[in-house]
Every structure is written in C-alpha cells, then in structure tokens.
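Subject: Structure for you to look at

Hello,

Here is the structure we talked about. Please open it and keep it beside this email as you read.

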Amino acid sequence: MTRIARRPFLGLMAGAFAAPSQLLAQSGPLRIEVTEGVIEPVPYAIPDFLAEGSGAGDYGARITRVIAANLSGTGLMREIPASAHVARISSFESPVQFADWRAINAQALITGAVQVSGQNLNVRFRLFDVSSGQQMGDGLQLDGRTDLWRRMAHRVSDQVYSRLTGESGYFDSRVVFIAESGSRENRRKQVAVMDQDGENVEFLTDGSALSFAPRFSPSGERVLFTSYETGFPRIYLMDLASRRRQVIGDQPGTMTFAPRFAPDGNSVIYSLSVGGTTDLYMLELDSGRRYQLTQTGAIDTAPSYSPNGNRVVFESDRQGTSQLYVMPAGGGSAERISHGQGRYSTPVWSPRGDLIAFTKSHAGRFHIGVMRTDGSNERLLTASFLDEGPTWAPNGRVIMFTREAAGGDPVLMSVDITGRNLRRIPTPGPASDPSWSPLMS
Amino acid sequence: MKLFTSAALLAAVLALAACSNPRGGMTDGTGPDNGIATTALGDPSDPTSIAHFNQRVGDRVHFVVDSSDLTGEAQSILRAQAAWLERNSQYQVLIEGHADERGTREYNVALGARRADAVQRFLVNQGVQSGRIRTVSYGKERPVEACPEQRCWDQNRRSVTVVSR
C-alpha cells in the first residue's frame with residue numbers, strides 16, 4: 001500500500017481557510033513514499049520537451065517518451081496524456097500557468113527543452129509541484145553526445161524520481177542477463193547486456209558455450225559469469241569496454257561457479273565443487289591468492305556480500321535442506337537466518353544494506369521474497385511455477401528476477417519491495433539470470 | 001574441432017534415434033568437448049562398442065529429489081558399467097551430473113556435482129581406475145525431457161556415464 005504523503009492537501013486547504021501558520025507549517029511538499037505501497041499513483045503531466053532551434057528534430061519528443069515510460073513504469077505515478085492537456089508550454093523560460101495544470105488534476109509537472117548543435121545534445125528540465133505552484137529543486141541541464149540521448153532521458157528520470165520520492169534513482173543503469181534460444185534440451189545461452197528498460201541489447205558472448213549467471217562489478221565496468229567453454233563450468237571475468245576476458249579461480253579437476261564481486265571490486269567470492277562437496281572461496285584479483293571460506297562437506301553456494309563488505313550471505317544444505325546463512329567475510333561461524341517452511345536459495349544483500357532478497361520454494365511454488373538481514377520480517381513478493389534469482393536495483397527499492405511459467409520460456413520480471421507493480425521487462429527473446437548494474441551516473 | 005565434435009555427436013544421436021532406447025538421444029548435448037576425443041559409437045551388437053554400453057549396459061542412473069543416494073537399481077546398473085569398463089579399458093569416462101528444473105541454478109550445479117561424484121566413487125569402489133574418470137555437472141541446464149511434469153523431472157535427475165576413447 002503506497003501512501004501519497006501530502007499533508008494536508010495544500011491547494012485545497014489554503015483556498016478554504018485563511019491558512020493559520022500552524023497549518024502552513026504542517027503542509028509538506030509533494031512527496032511519494034515508495035516503501036508503503038501506492039493507493040493511487042500520482043498524476044503528472046510531461047508535455048513534449050520543446051525542440052529549440054532547427055537541429056533538435058524529434059529528440060524532445062523521444063526523450064519525453066523515455067522519461068514518461070520510466071516514471072509511469074514505477075507504478076508510483078500516472079501520466080496525464082497530452083490529449084487531456086488544456087495548456088501548452090510554448091517557452092521553457094515562461095512562467096508556468098499552474099491553474100491550467102490544476103484544471104486537469106496534475107500534481108506534478110515536468111517541463112523541458114532540447115537543443116542540438118553538431119553532435120552535442122543539450123537537455124534542460126524543471127519539475128513543479130502543481131498544487132503549491134512551487135518548483136521542486138533547481139532546473140538542470142545536461143549536455144552529451146546525441147547518441148547518448150536515452151541515457152540523458154534516464155538521468156532526467158532519476159532526478160525527477162529522486163526529487164519526488166527522496167530516494168536515489170535507478171533508471172540510468174544496465175542489466176546483464178542470459179539471452180536464451182533454441183530447444184530446451186540443447187539451449188543456447190549467451191551473456192547479454194541492456195539498459196534497465198530493455199533497450200540497447202548487446203551480446204557479450206557468442207553462444208557457442210553454455211553460460212549462466214552473469215554479475216556486474218561494483219563499478220559497472222566488468223562482468224563475471226560462468227561458462228562451459230572448456231566443457232566444465234569455469235568463472236570468466238570480462239572487461240565490458242574491451243570485451244577481453246580471462247578465466248579466474250580455475251583449479252584443474254574442480255568446477256567453479258556462482259561468482260560475485262566484493263563491494264570494493266578487488267576480490268571475487270564463488271563456489272568450488274570437488275569430491276561432491278561445494279565450498280565458498282575468495283580470490284584476490286590482483287594477487288591471485290585464494291582463500292577457502294567454508295568447509296562443511298555440504299553445498300555452500302550463491303554467496304553475496306553485505307554492502308560494507310564485512311559479511312556474506314549464502315545458501316547451504318548443511319542442515320538438510322537449502323537455507324540461508326550469514327558469516328563474516330573472512331569465513332568462520334555461520335548463523336542460519338531463514339526459518340520458515342520450504343527451501344531458501346540465491347540470497348542477495350540489498351545495496352542499502354537493510355534487506356536480503358531470496359528465492360524460496362515451498363509446496364511446489366517458487367517465490368521471490370525479502371527479509372531483514374537477521375532473517376526477521378520475511379515477506380514473499382511473488383509466487384509462480386518458477387521464480388528465481390533476484391537482483392536489486394541500485395536504489396534497493398526494486399527487484400528484478402527470472403520467471404518461468406509451466407512449459408513456458410523464461411522472462412525477466414521486476415517487482416517493488418512492497419510486492420506491487422509486478423512488470424515484465426522487454427527482452428528480444430527468452431531471458432534469465434538478470435543482474436543489475438550500479439547507477440551509471 | 002568443436003564443430004566437428006558437435007556434428008559427430010549429432011550424427012550419433014540421429015543414428016541411434018532409431019534404436020530401441022525409449023528416450024531416444026544417447027548424449028546429453030554437452031556442446032563443446034570435454035578434452036576427450038569423440039569416437040564412433042559402433043554397433044550395439046558389438047559388446048566393446050559405445051553403443052553397446054549406452055543401450056545394453058545402460059549409461060544413466062536416476063535420483064530422487066535433492067538426493068545423490070544411489071538406489072538399488074542405480075547400483076546394479078553401475079556395477080554393470082564398472083564390469084564393462086574393466087573389460088574395455090581403452091575408454092575414458094566422463095560422468096555428467098544433472099538436476100531437474102525444480103530448483104535454483106547454482107544449487108542444481110552443486111547438486112549435479114554431488115551426483116556425479118557419488119557415481120564416480122561407486123565406480124572406483126568397483127575397481128575402475130580413478131584416473132580414467134572425470135566429472136562434470138550441468139545442473140538443470142540440459143534436461144533430457146523438457147515438460148513441466150513429474151515424469152520429466154524424474155528423467156532429468158540423473159547421471160550419465162559418457163565413454164569415449
């Protein structure tokens with residue numbers, strides 16, 4: 001349940017009363033609470049950004065559509081379509097006639113303008129609280145190459161989201177995932193990367209070898225994944241800019257998989273299987289030194305660091321079924337944190353540090369859930385035939401995961417940590433194993 | 001090399017599809033080779049042929065959910081595999097561990113590794129030289145039967161003993 005926190009409704013109150021000072025002191029600016037679930041999305045208007053000068057072409061309209069798709073896609077906001085607008089923005093600098101926007105019940109108004117000179121695109125925008133007639137934050141301008149127009153739209157979206165919610169944004173980010181094709185029995189699985197909204201898909205491997213579970217580095221410049229290029233699962237580290245890659249942590253006669261970066265990007269934690277047992281190891285990337293972190297004779301896998309790097313959450317079947325455990329980053333005694341019914345796996349620590357997302361299977365159904373880092377307050381956000389592998393948006397408010405319907409192809413989905421706004425992320429074909437990058441900005 | 005191997009495997013699968021094996025394909029589509037050369041499967045009537053091993057001896061055993069325990073039936077198949085491997089020492093062995101789709105990806109890789117290891121240990125206890133055997137896990141990535149039903153999941157929780165020269 002999301003609450004629109006406008007206390008009290010300033011426009012109405014101010015009009016109805018002579019506004020004693022206590023009342024004014026209580027009244028707050030437009031603010032969307034993302035953690036409480038929305039009862040009613042906030043209506044907003046975003047007239048097409050003005051194209052200033054002859055070179056701007058349709059960049060204004062295209063940027064506006066990307067911003068609107070981002071904002072409406074959160075489920076926290078609802079766009080009032082241009083066909084319902086009763087006013088036009090004819091100049092970016094002219095004062096806004098708020099009455100025109102109140103008339104269509106817009107609570108937020110975003111105005112903008114674009115200019116193109118040569119290869120440079122200039123985007124300016126402002127955000128207004130329509131009821132109070134106040135601008136929210138300073139107007140901003142962004143400059144960049146024209147081919148970065150989508151990223152600039154994402155940055156504007158992040159600014160608007162951030163000003164309205166008080167949270168950091170997540171739109172200027174990317175997702176690595178596995179693009180799947182071919183028959184189930186001999187699936188082709190390629191590592192691919194795309195913008196968080198499914199645009200600009202690029203393939204990072206050619207699909208000649210089965211690959212799975214790619215993971216972004218904390219800087220967003222490198223990717224880890226597991227591939228069967230040699231016939232055995234091995235961990236690869238790829239530099240995104242050069243596409244160069246190398247095997248890391250290889251130890252002949254073993255299988256290595258489930259890698260994840262430490263928050264400082266200098267080491268990698270992963271699973272190594274030998275002799276039927278799977279333990280956790282840590283590899284320092286510079287020195288190549290390897291440390292064994294667990295040794296229980298059980299399956300210990302899917303490790304994920306806390307954002308401060310001090311602790312690791314992972315899954316283990318050391319007590320029978322798969323459950324979640326937290327231990328110090330250097331190894332040592334692990335504390336079980338999952339206590340509900342069913343099997344728990346693929347835990348991922350929120351970038352905010354407050355929650356752990358996980359996959360749970362129970363009674364023939366699979367769920368994505370979140371719990372506090374001590375295992376309390378477990379909440380299941382989804383349920384289906386097969387949901388698995390959560391990944392956090394950089395702001396820790398949205399989770400993306402893999403969903404597979406019975407007999408269907410896998411798709412990428414996202415859901416708010418409130419359990420609301422379940423959405424499918426567009427991909428060129430079947431897709432699985434998403435991993436969200438940090439905010440690029 | 002990879003292309004050649006895949007083509008050879010595919011040809012072998014097609015050739016065998018007409019045989020009596022109820023599940024059709026005899027390999028699990030491992031894609032790239034595992035550093036082990038691929039050879040012709042031969043005729044199942046030739047007791048030293050790979051085709052004989054796959055079809056008459058039985059190249060696979062099945063497991064119950066989340067388990068790597070070898071059932072009585074599995075043990076009797078593996079005893080026959082060990083006996084055949086002792087007689088045919090020219091072959092190398094790759095044991096593939098597989099899981100059904102009702103689990104998460106990483107756990108299933110680890111579970112497949114545990115299953116492959118259980119089979120390896122059994123074969124070594126039966127006298128097969130450990131140096132001839134390698135293991136690999138495919139987790140849930142290579143189902144033989146892709147259907148969202150129990151009967152398919154039962155087929156997919158398996159180890160496959162792949163012999164080659």
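Below is what was found, starting with one chain and then moving to the place where two chains meet.

Please note that this is a predicted model.

**Chain B as a whole**

Chain B has 165 residues, and 57% of them are buried. Its secondary structure consists of five helices and four strands. Along the sequence they come in the pattern α-α-β-α-β-α-β-α-β. The accessible surface of chain B is about 6700 Å². Carbon and sulfur atoms hold 53% of that surface.

Now look at the contacts inside chain B. Take those with a separation of 6 or more: 74% of them link residues 24 or more positions apart.

**The strands of chain B**

Start with β2 (92–98) of chain B. Which strands does β2(B) pair with? One is β3(B): six bridges join the two, and they run parallel. Another is β4(B): again there are six bridges, but here the strands run antiparallel.

In β3(B), its bridge partner is B:S137. In β4(B), its bridge partner is B:S159.

Strand β1 (residues 60–62) of chain B is joined to β4(B) by three bridges, and the two run antiparallel.

Are β3(B) and β4(B) enclosed or open? Strand β3 covers residues 133–139, and six of its seven residues are buried, so the rest of the structure largely encloses it. Strand β4 covers residues 158–164, and six of its seven residues are buried too, so it is also largely enclosed.

The size of an interface is often given as the accessible area lost when the parts come together. For chain B and chain A, the buried area is about 3200 Å². Carbon and sulfur atoms account for 54% of it. The contact involves 34 residues of chain B and 42 residues of chain A.

B:T104 is worth a stop. It sits in the loop between β2 and α4 of chain B. Its relative accessibility is 3%, so B:T104 counts as buried. Its side chain makes a polar contact with the side chain of A:S345, at 3.2 Å. Apart from its neighbours within four places in sequence, B:T104 is in contact with A:E315, A:S345, A:T346, A:T359, A:E388 and B:K140.

Next, follow helix α4 (residues 105–125) of chain B. This helix lies across β15, β16 and β17 of chain A. It runs at about 155° to β15(A).

**The sheet under that helix**

Those strands of chain A belong to an open sheet of four, in the order β15-β16-β17-β18, with antiparallel pairing. Why does one side of β15 and of β18 lack a neighbour? Strands β15 (255–261) and β18 (290–292) stand at the edges with a single partner strand each, so one side of each has no neighbour in the sheet. From one strand to the next, the twist averages 30°.

Five bridges pair β15(A) with strand β16 (residues 267–274) in the antiparallel sense. Find A:T256 and you will see A:L272 of β16(A) opposite.

First, A:F216. It lies in strand β11 (residues 211–216). With 8% relative accessibility, A:F216 counts as buried. Not counting residues up to four places away in sequence, A:F216 touches a list of residues that includes A:V175, A:L240, A:F261 and A:W436. A:F216 and A:P434 are 218 residues apart along the chain, yet their C-alpha atoms are separated by 9.8 Å.

Then, A:N122. Its place is in strand β5 (residues 120–129) of chain A. A:N122 is buried, with a relative accessible area of 8%. What does its side chain make a polar contact with? The partner is the side chain of A:D143, at 3.1 Å. Leaving aside neighbours within four places in sequence, the contacts of A:N122 include A:A113, A:Q115 and A:L142.

Best wishes

Notes
Residues are numbered from 1 along each chain as its sequence is written. Chains are lettered from A and ligands numbered from 1 in the order in which they are written. This is a predicted model: local features need pLDDT of at least 70, side-chain atom pairs count only at pLDDT 80 or more; totals for chains, interfaces and linings use all residues. Side-chain values use heavy atoms; hydrogens and water are left out. Buried means under 20% relative accessible area, exposed over 50%, partly exposed in between (1.4 Å probe, protein chains only). Contact means heavy atoms within 4.5 Å. Accessible areas come from the Shrake-Rupley method with a 1.4 Å probe; for residues, only the protein chains shown count as cover. Two strands pair if DSSP finds at least two bridges between them. Axes are lines fitted to C-alpha atoms, for helices over the stretch in contact, and angles run from 0 to 180 degrees between N-to-C directions. A polar contact is a pair of N or O atoms within 3.5 Å; within protein, one must be able to donate a hydrogen and the other to accept it, and residues adjacent in sequence count only if both atoms are side-chain atoms. Buried area is the accessible area (1.4 Å probe) that two parts lose on being put together, summed over both.
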